[in-house]
Amino acid sequence: LNVSRNLGGTFGISLVQTMLAQRSQFHQARYVESLNPHNLDYMQAIHRITEALIARGVSQVQAGQDAVAALYGQLQKQASMLAYVDVFHVLMIVVFASVPLALLMRKASPEI
């Protein structure tokens, strides 16, 4: 009984970690589609961040690189958050599907 509980927990954690990684990659890929020099919002954001970094004393070249890195960091955070929401929804469905099964279980007879 203890072994099966430990294995179930291990498999569950592995499944959730795999789902988080896959969904995070999915959302990141969808966001990256719109982050290009042809997107006006992207270019404005890069310009604002670059100007703010230059105002803090960072060189122009370094500020441009740091601006892209900062924007990409925000993209990763948002993609991760969406992945957590997706996994939470899947786990919620699993719990709702499991509740009727728990109610159908019979009470264990006392062992002699």
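Is Arg 23 buried, partly exposed or exposed, and at what relative accessibility? At 31% relative accessibility, Arg 23 counts as partly exposed, where buried means under 20% relative accessible area, exposed over 50% and partly exposed in between, computed with a 1.4 Å probe on protein chains only. This is a predicted model, in which local features need pLDDT of at least 70 and side-chain atom pairs count only at pLDDT 80 or more, while totals for chains, interfaces and linings use all residues. Residues are numbered from 1 along each chain as its sequence is written, and side-chain values use heavy atoms, with hydrogens and water left out. Helices, numbered from the N terminus, are DSSP runs of H or I with at least four residues, and strands are runs of E with at least two.

**Helix 2**

- Helix 2 comprises the 16 residues 40-55, which at 1.5 Å a residue should span 22 Å, and its end C-alpha atoms are 22 Å apart, which agrees; the expected span is 1.5 Å times one less than the number of residues.
- The buried residues of helix 2 are Tyr 42, Ala 45, Ile 46, Thr 50 and Leu 53.
- Seen down the axis of helix 2, these buried residues fall within an arc of 130 degrees, so they line one face of the helix; the arc is that of the directions from the helix axis to the C-beta atoms.
- On the face of helix 2 turned away from its buried side are the exposed residues Leu 40, Asp 41, Arg 48 and Ala 55.
- At the start of helix 2, the backbone nitrogen of Asp 41 has a side-chain oxygen of Asn 39 within 2.9 Å, and just after the helix Gly 57 takes a positive phi of about 100 degrees.

**Packing of helices 2 and 3**

- The buried residues of helix 2 pack against helix 3, residues 60-104, where contact means heavy atoms within 4.5 Å.
- An α-helix has 3.6 residues a turn, so residues three or four places apart point the same way.
- The largest nonpolar core has five residues, namely Tyr 42, Ala 45, Ile 46, Ala 67 and Leu 71; such a core is a set of buried Ala, Val, Leu, Ile, Met, Phe, Trp, Tyr and Cys residues joined through side-chain atoms within 4.5 Å.
- Helix 2 and helix 3 are the elements that give two or more residues to this core, and helix 2 gives the most, with three residues.
- Ile 46 touches Ala 67, Val 68 and Leu 71, not counting residues up to four places away in sequence.

- Gln 28 is found in helix 1, and at 19% relative accessibility it counts as buried.
- The side chain of Gln 28 makes a polar contact with the side chain of Tyr 72 at 2.3 Å; a polar contact is a pair of N or O atoms within 3.5 Å, and within protein one must be able to donate a hydrogen and the other to accept it, residues adjacent in sequence counting only if both atoms are side-chain atoms.
- Leaving aside neighbours within four places in sequence, Gln 28 is in contact with Tyr 72, Leu 75, Gln 76 and Ala 79.
- His 27, also in helix 1, counts as buried at 13% relative accessibility.
- With neighbours within four places in sequence left aside, His 27 is in contact with Ala 79, Leu 82, Ala 83 and Asp 86.

**Salt bridges**

- The structure holds two salt bridges, each being a side-chain nitrogen of Lys or Arg within 4 Å of a carboxyl oxygen of Asp or Glu.
- One joins Asp 86 to Arg 23, with the closest N and O atoms 2.9 Å apart, and this pair links distant parts of the chain, since Asp 86 is in helix 3 and Arg 23 is in helix 1 (residues 2-32), 63 residues apart.
- Glu 33 forms a salt bridge with Arg 30, the closest N and O atoms lying 3.7 Å apart.
- Glu 33 lies in the loop between helix 1 and helix 2, and at 55% relative accessibility it counts as exposed.
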